[in-house]
Amino acid sequence: MIQTSMKSWWLLALCGVLNAILSIMVFLVLSPDGSITLRRFIYGRSAAEQFGMLALAIGACTVAAGIWNLRKSNSWLLVLNGIVCSVLGLLVRSSRPVAFRTIALFIVVMAVSMGVYELVAARGPREHMEKWLLDAAGIVSLGFALAFLAFVLHWLKLDPSPSSQTFNWLGSYFGFSAICMLGLALLLFNPRPALHSALPTA
């Protein structure tokens with residue numbers, strides 16, 4: 001996302017906020033000590049429908065951020081990430097039940113696309129700390145992909161029904177995505193002078 005147009009920083013920030021909301025919602029559904037008011041709101045309006053709407057919104061913002069700067073060769077990874085997130089949102093909002101294995105496959109694609117994007121972005125002209133952070137974020141993203149792939153291939157076992165372990169993984173992934181999006185948006189909003197010339201201004 002470093003190579004995305006500087007004017008699109010707010011799209012990444014919005015993606016980060018929506019990811020954070022989705023992560024918090026997942027943990028509130030999981031936690032018995034969550035706010036009563038928020039828990040009633042979540043259950044009263046269908047948690048699955050809200051999850052789907054948030055995923056759709058996150059996907060739309062991510063696709064927009066990628067399309068904003070399609071001239072960059074790796075922007076298609078952002079578009080892919082957003083499309084997969086949007087399709088996941090549509091599946092969750094549908095009346096048909098969605099198996100966790102299906103959700104895990106979508107998360108694998110999202111995590112891989114984001115991880116590769118971050119690793120490629122780290123190869124650009126940046127300061128040492130920024131390269132290190134991007135590399136770390138990319139490696140963690142690929143780690144999430146490997147973990148969800150392990151669920152799909154049954155290397156890691158989950159209960160047949162939704163469990164706290166399932167929610168923990170989903171909430172953790174979207175929470176991590178929120179941190180990445182917000183951090184990269186902040187870097188675009190206030191780039192270092194040394195990197196200003198390396199960032200596109202269109």
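Before quoting a volume, I note what counts: a cavity is a set of grid points where a 1.4 Å probe fits but cannot get out, and its volume is the space filled by probe spheres set on those points. I also keep in mind that this is a predicted model.

**Entry: cavity**

I searched the whole structure and got 1 cavity of 30 Å³ or more.

Next I asked myself which residues lie nearest the centre of the largest cavity. They are Asn81, Met114, Tyr173, Ser177 and Met181, out of 15 residues in the lining. I then looked up which elements give two or more residues to that lining, and found α3 (47-68), α4 (75-93), α5 (100-122) and α7 (164-189). Of the elements, α7 gives the most, with 6 residues.

What is the lining made of, by residue class? I read off 9 nonpolar residues, 5 polar and 1 charged.

**Entry: α3 against α4**

For α3 and α4 I get an angle of about 160 degrees, with the axes 7 Å apart. Angles over 145 degrees count as roughly antiparallel, so that is the label I write down for α3 and α4. The crossing of α3 past α4 is left-handed. I also sorted the residues of this contact: 16 are nonpolar, 9 polar and 2 charged.

**Entry: salt bridge**

How many salt bridges does a search of the whole structure find? I found 1. The partners are Arg93 and Glu49, whose closest N and O atoms are 3.6 Å apart. Arg93 sits in helix α4 and Glu49 in helix α3, and the pair links distant parts of the chain, 44 residues apart.

**Entry: α4 against α5**

The angle between α4 and α5 is about 160 degrees, and their axes are 9 Å apart. I therefore log α4 and α5 as roughly antiparallel to each other. As for handedness, α4 passes α5 in a left-handed crossing.

How values were computed
Residues are numbered from 1 along each chain as its sequence is written. This is a predicted model: local features need pLDDT of at least 70, side-chain atom pairs count only at pLDDT 80 or more; totals for chains, interfaces and linings use all residues. Side-chain values use heavy atoms; hydrogens and water are left out. On a 1 Å grid over the protein atoms alone, a cavity is a set of points where a 1.4 Å probe fits but cannot get out, and a pocket is an open set with protein on both sides within 12 Å along at least five of seven lines; lining residues have an atom within 4 Å of a point. Helices (H or I, at least four residues) and strands (E, at least two) are DSSP runs, numbered from the N terminus. Ala, Val, Leu, Ile, Met, Phe, Trp, Tyr, Cys and Pro count as nonpolar, Asp, Glu, Lys and Arg as charged, and the others, Gly among them, as polar. Axes are lines fitted to C-alpha atoms, for helices over the stretch in contact, and angles run from 0 to 180 degrees between N-to-C directions. Angles under 35 degrees count as roughly parallel, over 145 as roughly antiparallel, 65 to 115 as roughly perpendicular and the rest as oblique. A crossing is left-handed if the near helix is turned anticlockwise from the far one by less than a right angle, and right-handed if clockwise. A salt bridge is a side-chain nitrogen of Lys or Arg within 4 Å of a carboxyl oxygen of Asp or Glu.
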